[in-house]
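Hi,

Here is the structure I promised to pass on to you.

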Amino acid sequence: MVDRKSIVVVEDDRTGMSEKALRRAVLDHLQFTRAKDLGSATLLDVYHALAHTVRDRLVHRWMWTQRTYIEKDVKRMYYLSAEYLLGRQLASNLLNLDLMDFARQGLSEYEINLEDVLEEEEDPGLGNGGLGRLAACFMDSLATLEYPAMGYGIRYEFGIFRQGIRDGWQLEQPDEWLRKGNPWEIARPEYTVEVKFGGRVEEDNGDNGERRMKWVGGETVLGVPYDTPVAGFGTFTVNTLRLWSSRASQQFDLKVFNDGDYRRAVERKALSESISKVLYPKDASLEGKELRLKQQYFFVCCSIHDILRRYKAKHSDFAAFPAKVAIQLNDTHPAIAIPELMRVLVDREHLGWEEAWRITRRTFAYTNHTLLPEALERWPLALLERLLPRHMQIIFEINRRFLRQVHVFAPKDKRRRERMSIIEEGPDRQVRMAYLSVVGAHTVNGVAALHSSLIREKVLKDFAQMRPKDFTNMTNGVTPRRWLLQCNPRLADAVTQRIGSEWITNLSQLERLLEYAEDPGFLQELSAIKQANKDDLAQWIWKTQREEVDPSTLFDVQVKRIHEYKRQVMVCLHVVHLYQRIKFGGEEIVPRTVLVGGKAAPGYVNAKLIIKLINDVAAMIRLDPAVGGRLKLLFLPNYNVSMAERIIPATDLSEQISMAGKEASGTGNMKFQMNGALTLGTLDGANVEIREEVGPENFFLFGLDAPGAQQLQTKGYSPAEYIERSPELQEALELIESGFFCPDEPDLHKSVGDYLRNHDPFLVCADFDAYRKCQEVAAQTWADPEKWWPMVARNIAKAGKFSSDRTIQDYATRIWGLEPTSVAVGIRGGIEEID
């Protein structure tokens, strides 16, 4: 037996953390990974060399993490999400490994700027908004808190589209995020999974004469996994994000090709690989719906297969499955995982229905992310039955058994059974995926206190009445590593100087800043930091957009997905109102720069028209010398994580103005608060809890609350009445409708006025006057530094609740039954592969 204490460990270039070892490693990768020397290397070469050097260190920890999980046979949580908005990885991993200073200083010796190298990395656009960014924050927190976890999703070849602007209109371009190569991922073809679509179900008799179902025929697609390491901050834990890429089971038909039918020879390959080609293809057509459903089942089937393979490597039966496996459904996209697990347990593993269902329900939990009825997924029953015939049988049986329970709960209420059925009856029968998720999960959670309350009282009221203990709240959070430490180093340093660095992994420590909320030195530093961040953003805007913005003005910002309920049109109306005050009223206003960013879904006509309106108003204000630099409106195209990291630290006023009762939570509001912006918003989503934390005096509140909004719509809302009593709103609408902002197409924006005057489903007109007055209060407060900066300090100090670390600890304790598992890294050798 070798005494490990007597072994001399020589630091090598793959795992060493000394400056010499790291320097050698970068030069080694430059030569042998990129085939370049320093004289011929481009910034992209340097990026890849540095990224591979960092990845080597991650892989070492990654393998030890997996070994620890396997040896201890820990319970793992598997996060199923159709989206992951990771952001750039190099800066994040440099921070997590405490290598940022090395990278900056080392590159500077060769006259290379680290920031220029970081810009070479593409943003992986594997998500559409808050859902995907939340998943990324959760993966960060899970690793930092040392929870055994794994994320599953789709490796989209083209992510969310790259947004351009042409003549004011949104232009969608392919997001080729893989075009420069991805140094962080490792292909795992040895874990390829076969995925079946179509075919038929045949009945068979088992060895004991019991009835069994076999899914036969159909087409087969292969799922190839690609693994990305997710490192924790200040720990050795490195968890795995496994993304599935679709491949054809038959790559190429040589006979058909040789016969001259070249297109048909590769047709099957192209169709199979379209599954992981694009994030969220348009689903207006039946073909689009079919592709979306295929995407969802594809990654779910691969993931369930992978989970079971890993479990069966250590266990001979399924008695311990819920004690070793927790699966979290991030919204309804992966809901088909419930019948898929049932199919595998019943058809392949030959468990009885009752035992399989008990295991399934104890394994799954479901997070709801929406209050909008149209966003609660439904699939045409005929489509699901054609693509997944066995799953449709299982869903029918789940529903039959569940409706028996409903009957027992309320025997005289036949309407309740209709309302709660997973199958929505009608001319075109639908499968309600949210209902399937609720029925098949042991816990259902909302993502903010108000949201969870509305789920119980409105969206899923019948289910909550029947199973009240299944419903709970998990208020969202964001990772302070990326959203403060990384994106706002000036503020992070100022915080650390006063309270130490513990806040990085325990954000509640920020509350200690309250003692500095009236400290002139701290407040002056906050002001200087904000000004420096605004200067940086102004320079970046000029460099990338060729637009001048004045960093001495109030930076008023709304950046998020473009949707009518988020009310970007209200921002635009207010800018028009301010413009009218300057141009026609000769008034002085607090100088203001209004920045708007976000993408509209390709098929969302009204949202795209809002973008056009914003750009037209911005263009006219830019041309008018009467404005005199007092007002600027700018739409920033292709909003993504990296852009957010620039905008959020520079923002003065954060607009969170969705109609009350429509936003599930929001996480942008938390990021802005954490970075010293004050919130102007409604009592919607997590705004409610932010206001409770910071105090009403440190939050600019306006508008109807959720009960008030519902009451107004119930009694009969007439937007024309609100327009009539508001001269400011009337004048702004008239100017837009007149064609003033689009003289080449003067009738273009009349539809906006018509929509607001006669429909206005999200109560823009009802809330506008309150919004306008609140904006004036915010502007006057910003103009008074003695009022503004103490409010900023208190907002930062009360951001502790909104860390994703706190959210994950709540999930782990109350839903997953998960325990932290510390990882100790030893010498190399004898380490199992990453599974």
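**What I found**

Met150 in strand 2 is the bridge partner of Tyr78. Before going on, a word on the source: this is a predicted model, in which local features need pLDDT of at least 70 and side-chain atom pairs count only at pLDDT 80 or more, while totals for chains, interfaces and linings use all residues. Residues are numbered from 1 along each chain as its sequence is written, and side-chain values use heavy atoms, with hydrogens and water left out.

Strand 1 (residues 76-80) runs parallel to strand 2, with 4 bridges between them; two strands count as paired if DSSP finds at least two bridges between them. Helices (H or I, at least four residues) and strands (E, at least two) are DSSP runs numbered from the N terminus. Strand 2 also pairs with strand 10 (residues 238-248), again in the parallel sense, over 5 bridges. There, Gly151 sits opposite Leu241 of strand 10.

How enclosed is strand 2 (residues 149-154)? 6 of its 6 residues are buried, so strand 2 is largely enclosed by the rest of the structure. Buried here means under 20% relative accessible area (1.4 Å probe, protein chains only). In a regular strand, side chains alternate between the two faces of the sheet. In strand 2 both faces are covered: Ala149, Gly151 and Gly153 are buried on one side, and Met150, Tyr152 and Ile154 on the other.

Now for the whole chain. The protein chain has 33 helices and 23 strands, and buried residues make up 61% of its 835 residues. A compact globule with 835 residues would have a radius of gyration near 28 Å, and the protein chain agrees, at 28 Å. That radius is taken over C-alpha atoms, and the globule rule is 2.2 Å times the number of residues to the power 0.38. The C-alpha trace spans about 90 × 75 × 65 Å along its principal axes.

Best wishes

Technical notes: Buried < 20%, exposed > 50% of the residue type's maximum accessible area, 1.4 Å probe, protein only.
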